[in-house]
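Thanks, everyone. Please bring up the model on your screens, and let's walk through its aromatic rings and its cores.

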Amino acid sequence: MEFEEKNGILVPKKDPSPICVFIDETYLLDQTGYLQAAVPIPQDVYTQQLVPHCKGLLAKLGKDAKEFKGSGIKPGTLAIYQDFLSVFINVAAQLADVAPVYSVVAIDSTGVYGSDPFKQIYMNVTGVFAEHGITGEEQLAAEFSRQILWLHIHFPTISPKFFSNRLILCFDNKHRYAQRMQALKAFTGSRLIAPTFWPLEKAFGSFANTLFQHLTPKIAISKIDRFQFQWSSVEFGLQAADLLCHLVFNAIRHEMGIVNDNTKMKTALLKKVMPTFALDAGLKASLGIGKDGEGKDDILCKDAKLRSRLQFLPV
């Protein structure tokens, strides 16, 4: 970073690059719980280095490949997927070497996100919407509230300290959330001179910063520039978060006794990018095995209060 002198003090010549935090999820059997990964990457490194490299790797998968998906991991594509994941893990590790900012995969019960803390956040969000004349966005408000609670629980593991870089929180699109977040809404209210047109994404970023000022216990989370939903097909960062969820889920299956060629291969791949992976006794006791709709074994959550996470540390 370049500095210049102002009033006898050296200050950066330009604002530090925002940190993009890419976040994606995978549900356990019968939606009893879910895994959610968060991968923090400096925006300038992501756009200038990772995106061009990942485009080259995607081309190696063949002309019909649209994105990196867990279902695409096969013996013939294993090396390419390992390369793809490694560039994200390596950049995240370099970041963690200079500041306490880490990638995580959380494993939680869905019951946590129907609890009183969630309901309180949701009522605050919908209350502000009502004050400003916004209606018909209850589903989006509920998803936003769930993610605010998830961040309040898990962000101290992503980063326990404030830093000057602002945050861009990027979640995987679903239920057309990305389109709705870009929609212009007429905001009204007693403190506005006249109706103001704002995209919901901008409003949600403002709401998120306000909520984190009041939630207890207070956590060290930096200023949020954008709170957005994006299509995974256009964001390699979301694909990386999705793959980490997919690999951890399959490694949990393997550790819980669902052993087959698929779980063996994906557990081995995970351990190449996360050599310290292990399923501790407490987490293992919170999980169980049930039957899916096809009669196959799969993992479910038995503990309605489960809140846990795996942290990817530099090695």
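Start with Phe207. In this predicted model, Phe207 has a relative accessible area of 14%. That is under 20%, so Phe207 counts as buried. Phe204 is buried too, at 0% relative accessibility.

Now put those two together. Both lie in helix α6, residues 200-214. They are 3 residues apart, about one turn of the helix.

How many aromatic pairs does the structure hold? The count is 19. Take Phe144 and Phe227. Their ring centres are 4.8 Å apart and their planes stand at 70°, so this pair is edge-to-face. Phe144 sits in helix α4, and Phe227 in strand β9. The pair therefore ties together parts 83 residues apart in sequence. Both residues are buried.

These rings also belong to one aromatic cluster. Among its members are Phe204, Phe207, Phe144 and Phe227, along with Tyr177.

Next, charges over rings. The charged end of Arg146 sits over the ring of Tyr34, 4.8 Å from the ring centre. Arg253 does likewise over Phe249, at 3.9 Å.

Last, the cores. The largest nonpolar core has 57 residues. Which residues have the most contacts inside it? Phe84 and Phe88. Helix α7, residues 236-255, gives the most to this core, with 12 residues. Look at Phe88. Beyond its neighbours within four places in sequence, its contacts include Val39, Tyr46, Leu50 and Phe236. There is also a second, separate core of 48 residues. Ile121 and Leu140 are among them.

Note on methods:
Residues numbered from 1 in each chain as written. Predicted model: local features only at pLDDT ≥ 70, side-chain atom pairs only at ≥ 80, totals over all residues. Heavy atoms only, no water. Core = buried A, V, L, I, M, F, W, Y, C linked by side-chain atoms within 4.5 Å. Buried < 20%, exposed > 50% of the residue type's maximum accessible area, 1.4 Å probe, protein only. Helix = DSSP H or I, 4+ residues; strand = E, 2+ residues; numbered from the N terminus. Contact = heavy atoms within 4.5 Å. Phe/Tyr/Trp six-rings, centres within 6.5 Å; stacked < 30°, edge-to-face > 60°. Lys NZ or Arg CZ within 6 Å of the ring centre and 35° of its normal.
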